[in-house]
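Please read it alongside the sequence and the coordinates.

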Amino acid sequence: MAWIALVLSGLLETAWAIALDRSAGFTRPLPSVIFAITLVLSMAGLAYALREIPVGTGYAVWVGIGATGTAAVGMLVLGESTSLPRIGCLLLVVAGVVGLKIFH
């Protein structure tokens, strides 16, 4: 259950990062509210997961999921660069996250 909570929390990290960008410095109410809610839920899930998963592994997986998810949304939805080197770097992050899970 801890790993499921960790993965969901990482996905929520992606949501709050995108909402933060869309809030335009907290000047737009709806994205600002979405940011606050998803941030709290993401942190709560991370805290729950860290009861069973070591902090080094848990935090790295959480950040990896959030960073990769945010970059993917940026590329697929927001029109950010999709260069091969950038995609390759994201694949390295994913490989690192998978490795942390395998060698946990």
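Does Ile 34 count as buried, partly exposed or exposed? At 39% relative accessibility, Ile 34 counts as partly exposed; buried means under 20% relative accessible area, exposed over 50%, and partly exposed in between, with a 1.4 Å probe and protein chains only. The model is predicted, so local features need pLDDT of at least 70 and side-chain atom pairs count only at pLDDT 80 or more, while totals for chains, interfaces and linings use all residues. Residues are numbered from 1 along each chain as its sequence is written, and side-chain values use heavy atoms, with hydrogens and water left out.

**Helix 1 and helix 3**

- The axes of helix 1 (residues 2-22) and helix 3 (residues 55-76) come within 8 Å and cross at roughly 40°; axes are lines fitted to C-alpha atoms, for helices over the stretch in contact, and angles run from 0 to 180 degrees between N-to-C directions.
- Helix 1 is therefore oblique to helix 3, given that angles under 35 degrees count as roughly parallel, over 145 as roughly antiparallel, 65 to 115 as roughly perpendicular and the rest as oblique.
- The contact (heavy atoms within 4.5 Å) involves residues of helix 1 including Trp 3, Leu 6, Gly 10 and Ile 18, and residues of helix 3 including Gly 58, Val 61, Trp 62 and Val 73.
- By class, twelve nonpolar, eight polar and one charged residues make up the contact of helix 1 with helix 3; Ala, Val, Leu, Ile, Met, Phe, Trp, Tyr, Cys and Pro count as nonpolar, Asp, Glu, Lys and Arg as charged, and the others, Gly among them, as polar.
- Helices (H or I, at least four residues) are DSSP runs, numbered from the N terminus.

**Helix 2 and helix 3**

- Helix 2 packs against helix 3 at an angle of about 150°, and their axes are 10 Å apart.
- The two helices, helix 2 and helix 3, are therefore roughly antiparallel to each other.
- Ser 42, Met 43 and Leu 46 of helix 2 make the contact with Gly 58, Tyr 59 and Trp 62 of helix 3.
- This contact of helix 2 with helix 3 comprises four nonpolar, two polar and no charged residues.

**Helix 3 and helix 4**

- Between helix 3 and helix 4 the packing angle is about 155°, with the axes 9 Å apart.
- Helix 3 is thus roughly antiparallel to helix 4.
- On the helix 3 side, the contact includes Thr 68, Ala 71 and Met 75; on the helix 4 side, it includes Arg 86, Leu 90 and Val 97.
- Eleven nonpolar, three polar and one charged residues form the contact of helix 3 with helix 4.

- Apart from its neighbours within four places in sequence, Ile 53 is in contact with Ala 2, Trp 3, Leu 6, Gly 58 and His 104.

- Leu 90 is located in helix 4 (residues 84-102) and, at 15% relative accessibility, counts as buried.
- Neighbours within four places in sequence aside, Leu 90 is in contact with Thr 68, Ala 71 and Met 75.
- Cys 89 is also placed in helix 4, but at 46% relative accessibility Cys 89 counts as partly exposed.
- Ile 34 belongs to helix 2, and the C-alpha atoms of Ile 34 and Leu 12, 22 residues apart along the chain, are separated by 10 Å.

**Loop between helix 1 and helix 2**

- Most residues other than glycine have a negative phi.
- Ala 24, which is not a glycine, has a positive phi of about 50° and lies in the loop between helix 1 and helix 2.
- The relative accessible area of Ala 24 is 41%, and Ala 24 is partly exposed.
- Phe 26, in the loop between helix 1 and helix 2, likewise has a positive phi, near 65°.
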